[in-house]
Amino acid sequence: MSENRALVAHQFDTAAQQRGAATLGMWIFLATEVLFFGGMLMAYTVYRVTEGEAFAHASRAQNILLGGINTAVLLTSSLTMALAVHAAQGGRRTRSVMMLASTMALGALFLGVKGVEYAEKFAEHLVPGVDFHWAGPDAGGAQIYFILYFLLTGFHALHLAIGIGVIAVLTARAARGRYSAAYSTPVEVAGLYWHFVDIVWIFLYPLIYLIRVYR
Amino acid sequence: MSPHSITTHDHYLNAGYGPRSWLLTTDHKRIAILYMLSITFFFFVGGFFAFLMRLELLTPNGDLVSAETYNKLFSMHGITMVWFFLIPSIPSVLGNFLVPMMVGARDVAFPRLNLLSWYIYVVGGLFTLGAMIFGGVDTGWTFYTPFSSTYAHSNVIPVVIGIFILGFSSILTALNFIVTIHTMRAPGLTWFRLPLFIWAMYATSIILVLATPVLAITLAMLGVERIFGVGIFDPALGGDPLLFQHLFWFYSHPAVYIMILPAMGVVSELITCFARKKVFGYRFMAYSLLAIASVGFLVWGHHMFVSGQSAYAGMVFSALSFIVAVPSAVKVFNWAATLYKGTIAYHTPVLYGFGFIGLFTIGGLTGLFLATLALDVHVHDTYFVIAHFHYIMVGGAVMGYLGGIHYWWPKMTGRMYPEGWAKFAALVLFVGFNLTFFPQFILGYLGMPRRYHVYPPEFQVLNVLSTAGATILGIGYLIPFIYLIWSLRHGKNAGPNPWRSTGLEWRTPSPPPVHNFDEIPVVTTEPYTYVAEEEQRE
């Protein structure tokens, strides 16, 4: 009892109440995130309607292979995250550390591939406001496409980087045996966040890369 | 110690002294006090800008400030008052202090996050303040593109960053309240036993968490357009300025309800306590708060009737704006019905409550004028709009805030404010407010546009009236500022429950102990059981 009590902050009565509060808090935070990305997706929708042809053209400049690889990488990271939560709940220390570390590694791999893609855009003069030359028609619409591309993927990458930072802390704590069957809330809550960032990408991938496939 | 020393028990104010005990506190009550000090500072900063504007408008010519300076004054007045005073006012001060106490909890769900939200507020505030001191901003608080993104030469980016930062503070506070209300209610405290202030905080928090991120991303896109010179909103660069307005008002209209719903919650507490009656139509009062919060998300287009959105969109937004008046009217009628045949004790808080009901009604009804498509074309961008929203934001939100501060002052400090002075100040504020803003309805109807530092000479009489009123209003704000500070040392001992209120927050000593309750209360009845209490007394 005394050991459990130490894990419950003074404002809560029970561990279950604390866990419920933390989980609800994260869900509400994710609701704000939906609206945050929603603002950009609203802008995307408006210009996708008014500049549809230009968007279809511009999306051809994307490296669909790298985007596809990244989608697979991120989905796999969600799997390892789910396994990490499961391991932490079961109190299996080594396994949870391994799974958290794999999640981080896959997240970092995603960012690395994204970096390669960004470098390609710089090389191809497709960075609005810095170096943008569009040879084809609808230069204006293509520019808006690339602005939204950098905004959406940039904010997504920022979220992913924050997620990696959070999981780094969790990994260190898991290694010290902080999580057990009685207390694994931080891993669970971080898992919610990680899956959210993954789901955002599941929307971004078709919106950015697959326009040409629809046409 | 003074002869009126009350501090015999251990409470949150004498639990520790010195800057560390305040700056590193996670006690929601101390964080509320930190917020109170900071928003009061920004209130007087914003008031100073307003004072200079009213001084300039004494005469038809531009004799005090240039057009450019005037543009900066109204922009910085709006930005300061909206984001650094009104939005955090009742939630962050009274809400922080009261939400845990009213639900019978020891603290909010995430106390460290709560402190973090204050630090974020301070960083955002200082950032914006710095940008204002070193050059200012002249876009209006609405940051309309393409002026803000392409043409303005003022400190748009730093101010926008300040507001972006501040948004996180709003979100964290609201998140804390929602989780606290959901998961930390005392035993027996079911949803329909919650005080209406809690319902109001809940509805407000929902708006804060859903609307604020849209403002954040909109300002971020504005920043990208301005820094990189690429078109998102600027039509000359291929963007769409209406998109900016839609996104901006998607936040900023609900933001009006962020300001008024908390005041409605406060006023519900005041009216029922001082009428010694159960609030009339409790469930309808709770539902109407939620209805305003949700319908309030669907009316933003009424700010854009003349900016080129489709006429059909205009009609829909007009109709929805009329619908939001229904739950608002339900509240006004229910307050009136609560007062009807009540045993009204005319203390200062309820005077602010009366002021709120009257002024909010005027502000709300003139809102219907503006929601009417044809009439809006006539009064759009005139002083009619200015008068309308000041009746809501000052007549409504500030009156509610001050009423709440007076009502809960004994709980927060353990001291009574001086009743005579407080009644006098409430009267001065009411007179000063109406003298300031009622002439602006007429000015607007006659066609005086907002945001100009010069005007035709025939408008001078009404402008002089308005400036005279603003002076009275300014004095009205200084009086409570002085006597509330005075009362900290010389006020009478309040005792745990000077108003004989039935709320949970009054069932603990004043000031409350660090963990609010010596023993977590068990709730067995609905709120506001004043009639039962009176019968018991007899």
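In which loop of chain B does Pro511(B) lie? In this predicted model, Pro511(B) sits in the loop between H15 and helix H16 (530-537). Tyr528(B) counts as buried because it has 26 C-beta neighbours inside 10 Å.

The bond from Thr145(B) to Pro146(B) is cis, with omega near 0°. Pro146(B) is placed in the loop between helix H4 (111-133) and helix H5 (147-151). Arg276(B), not a glycine, has a positive phi of about 50°. Arg276(B) belongs to the loop between H8 and helix H9 (282-295). With 17 C-beta neighbours inside 10 Å, Arg276(B) counts as partly exposed. Most residues other than glycine have a negative phi, and most peptide bonds are trans.

Helix H15 of chain B covers residues 460-490. At 1.5 Å a residue, its 31 residues should span 45 Å, and the end C-alpha atoms are 45 Å apart, so the two values agree. The buried residues of H15(B) include Leu462(B), Gly469(B), Pro480(B) and Ser487(B). Among the elements that cover the buried residues are helix H2 (28-56), helix H13 (383-413) and helix H14 (419-446) of chain B.

Chain B also touches chain A. Contacts join 31 residues of chain B to 27 residues of chain A. On the chain B side, helices H6 (156-183), H7 (196-228) and H8 (241-274) each give two or more residues. H7(B) provides the largest share, eleven residues. This side comprises 21 nonpolar, seven polar and three charged residues.

Methods:
Residues numbered from 1 in each chain as written. Chains lettered and ligands numbered in written order. Predicted model: local features only at pLDDT ≥ 70, side-chain atom pairs only at ≥ 80, totals over all residues. Contact = placed C-beta atoms within 7 Å. Helix = DSSP H or I, 4+ residues; strand = E, 2+ residues; numbered from the N terminus. Nonpolar A, V, L, I, M, F, W, Y, C, P; charged D, E, K, R; others polar. Expected span 1.5 Å × (residues − 1). Buried ≥ 20, exposed ≤ 12 C-beta atoms within 10 Å, placed from the backbone.
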